[in-house]
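Please look through the chain shown below before reading on.

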Amino acid sequence: MLKTVLKNEFQYSDYVNLKLDVFIYFLLVFLTNTLSAQVMKEDAPVGFESQLIEASKQEQIGNPDKAIELLEKMRSIPECKSTVYYKLAKLYYSKSRLEDALNAINESEQADPTNKWIRIYQANIYESFGRYGNAAQSYESLAQLEPENYTMYDLAALNYIKSNLPSKAILILDKAIE
């Protein structure tokens, strides 16, 4: 009979230990999820990054006006000025707001004069306006940024010819072979 009582006590303590183990397991799972959620919140974009993401999202889901509105509010943030104006230029151009697109891409170029993508888009906008001399200057600047990219010399020369400046076209082509 003593063995039966000890056996029952042993089973009862196993049951308590099992309940305790389950409780600890669920407590750890809860704490892990809580800590993960906090880490995810800290890693989430804040400030202008989240605003840029939201503007891009609005553009992608077909709300360019909302994207423009969000980006226009961000124009004065120095850390993202070139990006904001570049995105605005693209959106303005897609909405046929050509003068606004040109102003925005020029602001973007001033904020980051060494960014070749900004300069390429700037040249494209100038070409669409028929301002071939300005487009040629943009391509010439690109040729200075990337002297081994001979396409930029060719495009600059082509636009100088379109703007009736053949002597400048020859000069830029001479620079390409130097």
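Leaving aside its neighbours within four places in sequence, which residues is R119 in contact with? They are E109, P113, S138, S141, L142 and L145, where contact means heavy atoms within 4.5 Å. This is a predicted model, in which local features need pLDDT of at least 70, side-chain atom pairs count only at pLDDT 80 or more, and totals for chains, interfaces and linings use all residues. Residues are numbered from 1 along each chain as its sequence is written, and side-chain values use heavy atoms, with hydrogens and water left out.

R119 sits in helix α6. Its relative accessibility is 11%, so R119 counts as buried (under 20% relative accessible area, with a 1.4 Å probe and protein chains only). A polar atom of the R119 side chain lies 3.1 Å from the backbone oxygen of P113.

Helix α6 (residues 116–129) also packs with helix α4 (residues 81–94), at an angle of about 30° and with the axes 11 Å apart. The angle therefore makes α4 roughly parallel to α6 (under 35 degrees, taken between N-to-C directions on a scale from 0 to 180 degrees, with axes fitted to C-alpha atoms over the stretch in contact). From α4, S82, Y86, A89, K90 and Y93 take part, meeting W117, I118, Y121, I125 and S128 of α6. Seven of the residues in this contact are nonpolar, two are polar and one is charged.

The protein chain as a whole has nine helices and zero strands (DSSP runs of H or I with at least four residues for helices, and of E with at least two for strands). Of its 178 residues, 28% count as buried.

Notes. Parallel < 35°, antiparallel > 145°, perpendicular 65-115°, else oblique. Nonpolar A, V, L, I, M, F, W, Y, C, P; charged D, E, K, R; others polar. Buried < 20%, exposed > 50% of the residue type's maximum accessible area, 1.4 Å probe, protein only. Polar contact = N/O pair within 3.5 Å; in protein donor to acceptor, adjacent residues only side chain to side chain.
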